[in-house]
Amino acid sequence: MAVNQSQLGEMFEQVLRLSRVDASQSVAILKSHYSDARTVQAATDAALRLGAKVYCVELPAFNHPVAMGNDMTAYCGDTALTGNTAAQRALEAADLIVDTMMLLHSPEQEQILKTGTRILLAVEPPEVLARMLPVEKDKARVLAAAAVLEKARMMTVTSPAGSDFRAPLGQYPTVTEYGYADEPGRWDHWPSGFLFTWPNEEQAEGVLVLDVGDILLPFKSYARERITLEIEKGFVTQIHGGFEAEYLCDYMRYFNDPEVYGISHIGWGLQPRAQWTAMGLHDKNDGMCMDARAFYGNFLFSTGPNTEVGGKRKTPCHMDIALRRCSIRVDDLLVVAEGEVVAPQGSLAR
Ligand SMILES: O=c1ccc(O)c[nH]1
Ligand SMILES: [Fe+2]
């Protein structure tokens, strides 16, 4: 199906209004040649209709010779903005940046946010944006769960497939994503609806078993066989399985950087409109597959960078891996029971 330009404009108006855009605000539309032109136009028109002062910052695309594939999460850290201080200053001048080219996991994004500028990432296909148009109930659910996670000192994850993972917490903040950037210095991503934090450095440990149907990004693949990851002192030390384990090993080894094995953000999905099946209906080049990161009741874990929360691991290889049917405990509270969200009450969508 295809969203028409008028519908996309109305949706952007709703999301920018939720992001506190009004006549007092300046809005920068950040783009590159690969940005979705419909998205750029809709964001621009909507910001103008809300009375904001709008400008565009277009950056020549950046390609690192190591990067493979078109998914913007496949190579993190250096971006088209890296080293371009003039463009960064132009962006820091805005109250809100609509990012249609992807600054996520870059130090520059953190520097911009520290000035109080808000950033809303929007790089998914308009049809995916439409299916997960943010509503205030999404924010309420995610914040209810965040109130539990930000106090927690331990996350444990188990599954019928054999996962048994423990991550001491407290060193890093909780990050929420509910689809709009409504607070000074906030980054958010439309579409989303999940939350996460990072394990204390070098303390995560145990086993994570990717079962059939679990999702590996940026491969955009559903695992067809089990892959077992052994984690010691915050790093993946062993990867066992068949072809898919070998593929994952070979891909991570390709970056020739021991930091790619570090555990990155860990959390769970709270978006009932995100679907586990959606990835199978899209091409690999259709955005970054936020359905996989946000589907209700997933355990989302990742490897690689932790610069988003001031960590020193700026490695370019970032795997986002979404597991079904896990049980997630935050301290003694069971928040997800074999893939079903059970607590806190305010986070339930059904
Ligand atoms: O929204 C996102 C997207 C990618 C990622 O790694 C984290 N959050
Ligand atoms: Fe990630």
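This is a short walk through the structure, one selection at a time. Keep in mind that the model is predicted.

**Stop 1: the two domains**

Colour residues 5-123 as domain 1 and residues 133-341 as domain 2. Their centres, taken over C-alpha atoms, are 24 Å apart. Where they touch, domain 1 contributes 34 residues and domain 2 contributes 33 residues.

**Stop 2: the parallel sheet**

Next, show the strands β2, β1, β3, β4 and β8, which form an open sheet in the order β2-β1-β3-β4-β8 with parallel pairing. At the edges you will find β2 (53-58) and β8 (187-189), each pairing on one side only. Neighbouring strands here are turned against each other by 20° on average, direction ignored.

Zoom in on β1 (residues 26-31) and β3 (residues 96-99): they run parallel and are joined by four bridges. Pick Leu-30, and its bridge partner in β3 is Asp-99.

**Stop 3: the antiparallel sheet**

Now move to the open sheet of seven strands, ordered β7-β9-β15-β16-β17-β11-β12 and paired antiparallel. Its edge strands are β7 and β12 (221-222).

Follow the pairings from one strand to another. β9 and β15 are joined by four bridges in the antiparallel sense, with Phe-196 partnered by Gly-267 in β15. Four bridges also join β15 to β16, and there Trp-268 has Phe-299 as its bridge partner in β16. Between β16 and β17 there are five bridges, again antiparallel.

**Stop 4: strand β16**

Is strand β16 enclosed or open to the outside? Select residues 299-303: five of the five are buried, so the strand is largely enclosed by the rest of the structure. Both of its faces are covered, with Phe-299, Phe-301 and Thr-303 on one side and Leu-300 and Ser-302 on the other.

**Stop 5: the helices on this sheet**

Show helix α6 (residues 136-149), which lies across β7, β9 and β15 at about 20° to β9. Its 14 residues reach 20 Å from the first C-alpha to the last, close to the 20 Å expected at 1.5 Å a residue. Display its buried side chains, among them Val-142, Ala-145, Ala-146, Val-148 and Leu-149. The buried residues of α6 pack against several strands, including β5 (154-158), β15 and β19 (333-337).

Then select helix α7 (residues 243-254). This helix lies across β11 (215-217), β12, β16 and β17, at about 155° to β17.

**Stop 6: the iron site**

Which residues supply its protein donors? They are His-265 and His-318, each through NE2, and Asp-320, which is listed with two OD donors; the distances run from 2.0 to 2.6 Å. Along the sequence, the donor residues follow the spacing H-x52-H-x1-D. The site links distant parts of the chain: His-265 belongs to β15 (residues 263-269) and Asp-320 to β17 (residues 319-323), 55 residues apart.

Are His-265 and Asp-320 buried or exposed? His-265 has a relative accessible area of 4%, so it counts as buried. Asp-320, at 3%, is buried as well.

Technical notes. Residues are numbered from 1 along each chain as its sequence is written. Chains are lettered from A and ligands numbered from 1 in the order in which they are written. This is a predicted model: local features need pLDDT of at least 70, side-chain atom pairs count only at pLDDT 80 or more; totals for chains, interfaces and linings use all residues. Side-chain values use heavy atoms; hydrogens and water are left out. Donors are N, O and S atoms within 2.8 Å of the metal (3.2 Å for Na, K and Ca); water is not among the atoms, so sites may look incomplete. Helices (H or I, at least four residues) and strands (E, at least two) are DSSP runs, numbered from the N terminus. Buried means under 20% relative accessible area, exposed over 50%, partly exposed in between (1.4 Å probe, protein chains only). Two strands pair if DSSP finds at least two bridges between them. Axes are lines fitted to C-alpha atoms, for helices over the stretch in contact, and angles run from 0 to 180 degrees between N-to-C directions. The expected span of a helix is 1.5 Å times one less than its number of residues. Contact means heavy atoms within 4.5 Å. Domain bounds come from an automatic or database domain assignment.
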